[in-house]
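Subject: Structure handover, salt bridges

Hello,

Here is the structure for your files.

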Amino acid sequence: MRWELLEGVPEEEVRELLAIARRRRFARGEVVFHQDDPADTLHLVDKGRFAVRGIGQLGDAVMLTVLTPGDMFGELALVDGPDARRSATVSALEGGETLSIHRLDFERLRRLRPDTSQVVIAVLAEQVRRLSKLVAEAHYVSAEKRVRRRLLEVSGGYRTPERGELPDVEPRVVPLTQDDLADLAGTSRATVNRVLRAEQEKGAVKLGRGRTEVLDAPALARRSR
């Protein structure tokens with residue numbers, strides 16, 4: 001497994017970082033940590049998919065993103081002090097595994113190899129880029145296009161490239177509710193339902209209970225531009 005956020009980090013430093021990681025396994029629905037828990041561990045997603053949820057204005061849980069193999073979460077644990085708290089709740093959408101790195105272990109490695117700080121820089125830089133993109137979309141991209149984009153992004157984690165040379169034309173089942181997609185796109189469930197039903201009529205998706213099957217990702221991508 002190669003984590004995108006570690007691209008460009010010297011291979012030796014990546015190996016040393018992974019050498020201090022501990023493998024953790026989670027059952028479907030199991031919580032990795034809750035919002036406001038002590039923040040002391042970074043997780044590298046190795047298998048499965050994980051949901052990140054925050055607390056909305058009405059006190060309800062709001063899905064912020066879905067993480068797949070190659071992603072990370074809890075990265076602020078590497079830079080915040082010992083009193084830091086989790087900013088969101090993370091749970092397993094299915095059986096999954098992570099490689100966890102405790103802040104103290106990372107600090108020991110950084111004392112021995114100061115260049116390992118590049119890992120933190122890479123992680124935080126990627127997060128800033130992602131947040132900047134989402135803020136720009138919220139101001140300049142229509143809700144309908146945001147729904148299509150978030151569905152495409154999430155469905156990318158459900159590709160099955162081992163089944164052929166062209167994973168983009170393979171159906172991908174996204175086991176999220178329309179409420180979840182509404183959270184991800186920053187819009188209402190009614191808008192999500194309207195967009196998905198229109199896409200179903202065009203043959204791009206197939207709707208089911210608590211799931212959406214993406215049948216034509218390229219067509220969906222064209223209409224999300």
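The notes below cover the salt bridges.

This is a predicted model, in which local features need pLDDT of at least 70 and side-chain atom pairs count only at pLDDT 80 or more, while totals for chains, interfaces and linings use all residues. Residues are numbered from 1 along each chain as its sequence is written, and side-chain values use heavy atoms, with hydrogens and water left out.

The structure holds 14 salt bridges (a side-chain nitrogen of Lys or Arg within 4 Å of a carboxyl oxygen of Asp or Glu).

Asp-46 and Arg-23 form a salt bridge at 2.8 Å, N to O. This pair links distant parts of the chain, 23 residues apart: Asp-46 is in strand S3 (residues 41-47) and Arg-23 in strand S1 (residues 22-26). Strands are DSSP runs of E, at least two residues; helices are runs of H or I, at least four; both are numbered from the N terminus. Asp-46 is buried at 13% relative accessible area, and Arg-23 is partly exposed at 37%. Buried means under 20%, exposed over 50%, and partly exposed in between (1.4 Å probe, protein chains only).

Glu-97 pairs with Arg-25 in a salt bridge, with the closest N and O atoms 3.3 Å apart. Glu-97 sits in strand S8 (residues 96-102) and Arg-25 in strand S1, so the pair ties together parts 72 residues apart in sequence. Glu-97 is buried at 12%; Arg-25 is exposed at 58%.

In helix H4 (residues 143-156), Glu-153 and Arg-150 are three residues apart, about one helical turn. Their salt bridge has its closest N and O atoms 2.8 Å apart. Arg-150 is buried at 6%. Salt bridges with shared partners join Lys-133, Glu-137, Arg-149, Arg-150 and Glu-153 into one network.

Regards
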